[in-house]
Amino acid sequence: MLFTDGSSNPRSISPTEPISRWEKAALSLVLLAALGMRFWGLSENGFGNAYYAAAARSMLMSWHNFFFVSFDPAGYVSVDKPPLALWIQVGCAKLFGYSGEHLIWPQALEGVSSVFLLYGLVRRYFGAGAAVLAALSMALEPVCVAADRYNNVDSCLVLVLLLSSWAFSLAVEKGRRGWLLAAMAGIGLGFNTKMMAAFILLPVFIFLYLFCPPISWRKRFADLAVGGLILMLVALSWPLAVDGTPAESRPYVRSEERRVGKECRSRW
């Protein structure tokens with residue numbers, strides 16, 4: 001939880017506070033370690049998750065397949081996740097060519113970015129030593145490295161939630177509605193990455209914004225109400241666009257990979 005002083009304003013380290021030489025050196029080593037752990041021998045992972053790799057190949061074939069995250073070239077059925085992470089993968093494949101390595105590059109870069117963001121977040125409230133240690137833990141944590149060297153959507157989700165947390169920390173410090181709306185929009189993007197998994201931060205966000213920012217109770221409730229509206233608009237934008245498209249003009253929407261396979265096999 002955020003530390004507070006007598007005036008109930010969150011206490012954080014000034015962003016203009018100089019970074020010492022040892023901290024720069026330590027952070028550089030941590031980021032180099034994160035890069036090495038995520039990119040070294042990345043081509044050995046092949047296409048990673050073949051299910052999402054096949055979907056990315058189909059999405060490259062047309063804007064229709066791209067928007068609806070179609071699993072197959074004919075646009076018959078969608079994949080089991082919302083589109084944001086897969087859109088990024090397809091964008092990388094479009095720029096550099098379709099290959100397993102290029103599909104995994106975005107997750108590796110997202111992982112390194114998350115390490116840096118975690119460092120910045122921790123440093124604001126707990127100082128340089130704790131920040132470097134937190135970043136090092138994330139850079140070397142086996143489960144984080146494994147996720148970032150694969151083409152699942154988890155790396156994108158973690159990055160989006162860390163960005164949301166950064167915006168939210170500024171919202172609580174300053175009592176600024178704009179930062180809160182940015183944080184809620186980030187949660188909405190997270191929903192379009194891995195659905196309800198993104199909402200894990202919502203209870204904490206709501207609790208802290210109710211009790212910590214240096215603003216009146218009326219403004220806190222008003223800000224949260226507007227934030228909830230922004231969250232719904234961003235989170236439901238793609239699902240409503242899909243749902244509003246006639247069934248014959250879009251892929252068949254299914255949320256479980258196994259059921260898709262069974263249904264396709266039964267129809268053939």
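The buried residues of helix α1 are covered by elements that include α5, α6 and α7. This is a predicted model, and its protein chain holds 12 helices and 0 strands. Of the 268 residues in the protein chain, 45% are buried. Among contacts between residues at least 6 apart in sequence, 72% join residues at least 24 apart.

**Helix α1**

- Helix α1 has 19 residues, and the distance from its first C-alpha to its last is 27 Å, close to the 27 Å expected at 1.5 Å a residue.
- The buried residues in α1 are E23, A26, L27, V30, A34 and R38.
- Viewed down the axis of α1, these buried residues fall within an arc of 95°, so they line one face of the helix.
- On the face of α1 turned away from the buried side are the exposed residues R21, L29 and L32.
- After α1 comes G41, which has a positive phi, near 65°.

- Helix α6 covers residues 128–140.
- At 1.5 Å a residue, the 13 residues of α6 should span 18 Å, and this agrees with the 18 Å between its end C-alpha atoms.
- Seen down the axis of α6, its buried residues fall within an arc of 160°, so they line one face of the helix.
- Those buried residues are A128, A131, V132, A134, A135, M138 and A139.
- They pack against four helices: α1 (21–39), α5 (100–126), α7 (142–148) and α8 (154–174).

- Not counting residues up to four places away in sequence, V132 touches W22, E23, A26, V30 and Y119.
- Among these contacts of V132 are E23, A26 and V30, which are also listed as buried residues of α1.
- V132 and L118 are 14 residues apart along the chain, and their C-alpha atoms are separated by 9.1 Å.
- S114 is placed in helix α5, and its relative accessibility of 2% makes it buried.
- Leaving aside neighbours within four places in sequence, S114 is in contact with M138, S155, V158, L159 and L162.
- One of these partners of S114, M138, is a buried residue of α6.

**Aromatic rings and charges over rings**

- Across the whole structure, a search finds 15 aromatic pairs.
- A cluster linked by ring pairs is made up of W63, F66, F67, F68 and W87.
- The charged end of R57 sits over the ring of Y98, at 5.5 Å from the ring centre.
- R220 lies over the face of W217, and its distance from the ring centre is 4.8 Å.

**Positive phi in residues other than glycine**

- Most residues other than glycine have a negative phi.
- V69 is not a glycine, yet its phi is positive, near 40°.
- V69 is found in the loop between α3 (63–67) and α4 (84–96), and at 0% relative accessibility it counts as buried.
- M195, also not a glycine, has a positive phi of about 55°.
- The position of M195 is in the loop between α9 (177–194) and α10 (202–211).
- M195 has a relative accessibility of 32% and counts as partly exposed, whereas V69 counts as buried.

**Cysteines**

- The structure holds 0 disulfides.
- C144 is partly exposed, with a relative accessible area of 22%.
- C212 is buried, at 7% relative accessibility.

Technical notes
Residues numbered from 1 in each chain as written. Predicted model: local features only at pLDDT ≥ 70, side-chain atom pairs only at ≥ 80, totals over all residues. Heavy atoms only, no water. Phe/Tyr/Trp six-rings, centres within 6.5 Å; stacked < 30°, edge-to-face > 60°. Lys NZ or Arg CZ within 6 Å of the ring centre and 35° of its normal. Helix = DSSP H or I, 4+ residues; strand = E, 2+ residues; numbered from the N terminus. Contact = heavy atoms within 4.5 Å. Disulfide = S-S within 2.5 Å. Buried < 20%, exposed > 50% of the residue type's maximum accessible area, 1.4 Å probe, protein only. Expected span 1.5 Å × (residues − 1). Arc of directions from axis to C-beta.
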